[in-house]
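Please view the sequence and the structure first.

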Amino acid sequence: MHSPLRLDCRASALIANLHALQARAGSVAGAAIKADGYGLGAAEVARHLLKSGCRDFFVSTWAEASQLSSLPAGSLAVLHGFQAEDTLRPGVRPVLVSVDQVTRWKQLGDTTAACDVMVDTGMNRLGLSLSDVATLDGLVIHTLHSHLACADEDHVLNLQQLGRFRELRAAIPAQRYSLANSAGIFLGRDYAFDLVRPGLSLYGGKPRAEAQGCVAPVFDIEAQIVQVRTVRRGESIGYNATFVAPRTMSVAVLNIGYADGFWRAFSNLGTAHHQGAELPIVGRVSMDLTTIDISRSPELRAGDWVTLDFDLQEASSLTGYSQYELLTGLGQRLERTWR
Ligand SMILES: *Cc1c(COP(=O)(O)O)cnc(C)c1O
């Protein structure tokens, strides 16, 4: 089936990012592939990273884990731990996040089975409180995790969480210790411990200025032109007539819209490209269509393809959407292709 819009993904860039993050951290890098690999496709992301030597993957739920049955035993962990309703899968570790979950795990009775544990060091989201870590006695802990709340900023919590995590490491035996997400890697090697858990930067996101030059873009968004038309000076384009043509101009209507995660915030702000020419978006992005000014590429015709400019950092500052929202919003109509 032909798709008129696609996400053109580069495995070589994904793998280069993994290796660059690993080198930066000076430790092993696992991969957060929750939310369908941040929108790029968890199975494909895992397949390529596995080939390049990655042996640690993280999803949020057991439903996500069940979609990744081809991963080797011991390489996948479920960040939300497990609830009474969840069916554990052999070879997949829960990351226990609460006293309830620790109790439930102990009740399973297999004290030699390894689990991961998340301890909260100041974010007050998931994880055992520091006052509850005595309940971990007797567990075989594969990886002890905590998670940074403000690693993308220079914030006092970073050092506080690092200090608390060091104390935990001294107090609680585990095979490995892991604290840093993508942004945490760029805080310095003090934060790296045995394993880092990047998501965003694997996919080309830059959470801090230090990521510049380390992280490469992994995908392009391309859309096909449905129609080319001429708009006369003084006429308006699109819903609510937010753009009025200052001169007679050629425009192309693209097969992509906010239902594809190309948000309305790009209206009259975003750009597309064709063979080096920048083509501004004119008027509102609608559900399935986006109009661009093709005055600089007058040769474009219906059926031709253009690339939407979607550098995560730039698109984020342009639209106010976070880089995470831009990635995970990418819709299912975009055909994912890998090369
Ligand atoms: C999602 C997640 C990550 C990855 O975070 P990024 O900011 O995308 O690198 C790491 N650790 C935990 C616990 C997470 O939930």
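## Basis of the model

This is a predicted model, in which local features need pLDDT of at least 70 and side-chain atom pairs count only at pLDDT 80 or more, while totals for chains, interfaces and linings use all residues. Residues are numbered from 1 along each chain as its sequence is written, and side-chain values use heavy atoms, with hydrogens and water left out.

## A tilted pair

There are 10 aromatic pairs in the structure. Rings of Phe, Tyr and Trp (its six-membered ring) pair if their centres lie within 6.5 Å; planes under 30 degrees apart count as stacked, over 60 as edge-to-face and the rest as tilted. The planes of F219 and F310 meet at 55°, so this pair is tilted, with centres 6.2 Å apart. F219 belongs to strand 11, and F310 to the loop between strand 18 and helix 8, 91 residues apart. Helices (H or I, at least four residues) and strands (E, at least two) are DSSP runs, numbered from the N terminus.

Both F219 and F310 are buried. Buried means under 20% relative accessible area, exposed over 50%, and partly exposed in between (1.4 Å probe, protein chains only). Ring pairs also join F219, F262, F266 and F310 into a cluster.

## A stacked pair

W263 and Y321 are stacked, at 5.3 Å centre to centre and 10° between the planes. W263 is partly exposed at 21% relative accessible area, and Y321 is partly exposed at 25%.

## Charges over rings

A charge sits over a ring if NZ of Lys or CZ of Arg is within 6 Å of the ring centre and within 35 degrees of the ring normal. The charged end of R6 is over the ring of W305, 3.7 Å from its centre. R104 lies over the face of F82, 5.7 Å from the ring centre.
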